[in-house]
Amino acid sequence: AENGYDLWLRYKKIEDPTYLNLYRKSIAGIHINAISPTLLVAKKELEMGLSGLLGAPIKEVGAQTDNALIAGTPSSSPVIKSFLEKEKIKTGQEGFAIYSQTINNKKLILIAAETDLGVLYGVFHFLKLLQSHQSIQSLSTISIPKIQRRILNHWDNLNRSVERGYAGISIWNWHTLPDYIDKRYIDYARANASIGINGTVLTNVNASSLVLTDPYLEKVKALADVFRPYGIRVYLTAKFSAPVEIGRLKTADPLNPEVIEWWKHLCDKIYKMIPDFGGFLIKANSEGQPGPQGYGRTHADGANMFADILAPHGGIVMWRAFVYDARVQRRGEHFEEGKKDVAGESIASADRFKQAYLEFKPLDGKFKENVLIQVKNGPIDFQPREPFSPLFGAMPNTQLMAEFQITQEYLGQATHLVYQAPLYKECLDADTYAYGRGSTVAKITDGSLKKHKISAIAGVANIGNDINWTGHLFGQANWYAFGRLAWDHTLSSETIAEEWIRQTFGNNPKVLQPIQQIMMASREAAVNYMTPLGLHHIMGTGHHYGPAPWVENAGRADWNPVYYHKADKKGLGFDRTATGSDALSQYAPEVRKQWENMKTCNIEYILWFHHVPWNYTLSTGRSLWDELCFRYYSGADTVKWMQDIWTTVKAYIDEERYNHVRQLLNIQHKEAKWWRNACLLYFQTFSELPIPSHYEAPD
Ligand code: GCU
C-alpha cells in the first residue's frame, strides 16, 4: 500500500528505461568489505536499494571488476586507501567522497570515507542520486557536515503520549522494550542516517525522572544498540529534581556533594551500559520545571555540575534557554530589570521576549566547554514567523545551538501543509551583526565564527506511530529538511524540496514542479492566514490550534493573545522600541536601527516591534488595516490555489497518497478561512474600518 511508511527511502524499480539501462550498465556489482556493524548496514542498504531500483538482485563483485561500485574506508579497502591518499582527500569524522575513477583500466565508482559512518552517509547519498535520476558518470563529490551534532528532540513521555505530537503515540514502546525490537526502530535509524541525523533525545523536555531508573535504562540501552550502527547516539532529558524523586535525597542543589555524587554514580552506570551515550538535554526553571534557581544557584551552576560529570565520558549538556519564570509578569505587573521578587529570584521586565537574554547573557563565559545553550528559534515560541532570538550573537564565549520545531505546534499541527525549510532558513540566514556583517545564526550555530569546539542543532520531532510517521505526509518533508539543513545550512529550500519530492513522488516534471510550487508557497500562506505582518501568539490557548486573538484570561498574562497583539482604537502590535518594552536594545546596533524605525523595519516583522496606527501607510502603499485584510485574504486564497494545483498531480501519483493530501488540503482551506474571518472580524472591532468590498464577505 502507498501509505507513506517507506518515507523518502523508496527503492522501487526505476520506470524510465533510459535511466534504468544507464544505471544498470554503470553498476556491474558492489564491493564492500563489511568489517564493522556500520559497514554491514551500509552494505545491506546498498543491496536493498540497488536491487529495488535496478529491478534485479545486485551482485557482489571483486574490486578489479569493470563498473564495480566500491564502498569503504582505508582500513576496509586498499583501493579506497590509495584513492584517498593519492587525491589527498580528507573526509573527517562523518564526511564522504563519491568519485568516478579509472584504475588499472577498470571503470569504478568509489564511495570513500575515513570512517565507517562516512561510508554509510555516502551510500545513502549515492542511492539518492539514482532515486532522483542524477548522472552517475563523472562523479566527484565531497560532502562534510557543517554542524557536529544533528539531533532530534522527541517530546515523548513514558506513557507514550507525545507533547505537541500529532502523529499518533510515541514510537518508543517502553512496555515491550528491551526484549522486543520493533522494525520501526531500525527504519527510524535508517531514515535519520539517510539525512545525516546523528543523535536523538528520546524523552520529553518536561521530563520524568523514571527514565533514569534501572528498568528504563535497560530499554534505553536496547534502543542505543539498535541505533549505534547507524551513527545515532542516544541522549536523555534529565529532570533536575531526580536526586530527590528517585534518589531519596533531601535536595537537588547542584553544589551539594551528595547530589553530585548521585549524578556521578548514575552517569557511571549509564556509560557502562551505553558507552557512546550522548549526554543530557535539560529544561530547568522554565514552565514549572525544577532547576538550580530553586536552590539559589544559577543556570551555569546547574549546567556545569552535569558537564563536569559527563566530561570524562565524552558527554555533553544541552541546557535550554527557553525560560520565562512563572512569577515574572504575573497579571501583567511590570518588574524593573534587576529587581528581585518575593522568592529572591532575578526578574525580567514585563516582556517575555526579553527574558532568555536577561537570564543568560550575564552568564556568558561561565559554562564549561561541554555545555551548549540550546536557543529556540524565536524569542517567544516557534511562531509561524519570528525574528531571530537576540541571544544569538550575545554570548560570544558560549556555545549556542539552535532549536527548531519540526512538529507544527503553532502551524496547523499535522493537518496543514506547511513546508518549513523557508522558516528554518530565515532564522539560520538572519544576520545578527554581532561580530560584523555576515554573523549569521547559522555561523553562530556551526561554531565557525568563534571557533568553538562543539557545535549542535536540534529539531523537535514530528514523529509518531502513525503509519506514515508524521500524520500529514508533507510533515515528512520537514523532518527531511531539518536533517539536510543540519548537515548543510547553505542548501536552499527549493533544492531540499526538489530532493524530497523526487525521492517521495518521483521524477516526472508534472509532479515535481507543482508540488514544489505548493511547498514553496505554503509557509508564507500560513503566516498570512494566521499571523501576518508580525502578529504572534494569537492561537487558541493551551492547544495552540486555530485562532483566538480575543483571549485575555489564559491564566498568565504572557499566555494571553491580547498581551501580544495589543489591539486598541489606535492600532495594532507590540511596541518593543525604547518607548515600549525596549526588547530591541538586545540586538546589535545594526539590527536594532533597522527594526526600531517603522519605516525601515521589514514589513514581515513590523507588528513584532511596533504598535502601528490603523491608517499608517506601509511600504506596500496600503494602510495597516488594508494590508492586514490583503494578507489574510491572500493567505486563504493561496490555500485554495494549493488545492487546485494538487488536483493536477492526480493522474501521476497513487490514489492513496493523492487522496490523503487532498482531504487535508480541504480542511486547511476551511481553516484558513476560519482564521481569516475570526481575526479580521475581531480586529475590526478596534479598527472600525470596513473590509475592502472587493473581498468576499467574511461569515
Ligand atoms: C512550548 C510548548 C510546550 C513545551 C515548551 C518547551 O511552550 O507549548 O508544550 O513544553 O514549549 O519547549 O519547553
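Hi everyone, a definition to start: helices (H or I, at least four residues) and strands (E, at least two) are DSSP runs, numbered from the N terminus. With that in hand, Asn173 sits in the loop between β6 (149–153) and α5 (183–194).

Two notes on the model. This is a predicted model, where local features need pLDDT of at least 70, side-chain atom pairs count only at pLDDT 80 or more, and totals for chains, interfaces and linings use all residues. Residues are numbered from 1 along each chain as its sequence is written.

Let me stay with Asn173 for a moment. Is Asn173 buried or partly exposed? A residue is buried if 20 or more other C-beta atoms, placed from the backbone, lie within 10 Å of its own, exposed if 12 or fewer, and partly exposed in between. Asn173 has 16 within 10 Å, so it is partly exposed. Gly580 is 407 residues from Asn173 along the chain, and their C-alpha atoms are separated by 49 Å.

Now the whole chain. The protein chain holds 20 helices and 15 strands, and 54% of its 699 residues are buried. The C-alpha trace spans about 80 × 70 × 50 Å along its principal axes. As for contacts (C-beta atoms, placed from the backbone, within 7 Å), take those between residues at least 6 apart in sequence: 71% of them join residues at least 24 apart.

On to the annotated domains. UniProt positions are in the numbering used here, feature names are shortened, and annotations may be inferred rather than shown by experiment. The unreviewed UniProt entry gives "Alpha glucuronidase N-terminal" for residues 7–126. That span is 41% helix and 20% strand, and its end C-alpha atoms lie 17 Å apart. The unreviewed entry also places "Glycosyl hydrolase family 67 C-terminal" at residues 470–694. Here we have 54% helix and 2% strand, with the end C-alpha atoms 39 Å apart.

One helix I'd like to show you is α13, residues 475–487. All 13 of the 13 residues of α13 are buried, so this helix is largely enclosed by the rest of the structure.

Finally, the ligand. Which residues surround the ligand? They are Glu163, Arg164, Val205, Asn206, Lys283, Glu287, Phe322, Asp381 and Glu409, where near means a C-beta atom, placed from the backbone, within 6 Å. By class, this shell has six charged residues, two nonpolar and one polar. Ala, Val, Leu, Ile, Met, Phe, Trp, Tyr, Cys and Pro count as nonpolar, Asp, Glu, Lys and Arg as charged, and the others, Gly among them, as polar.

Key
Contact = placed C-beta atoms within 7 Å. Expected span 1.5 Å × (residues − 1).
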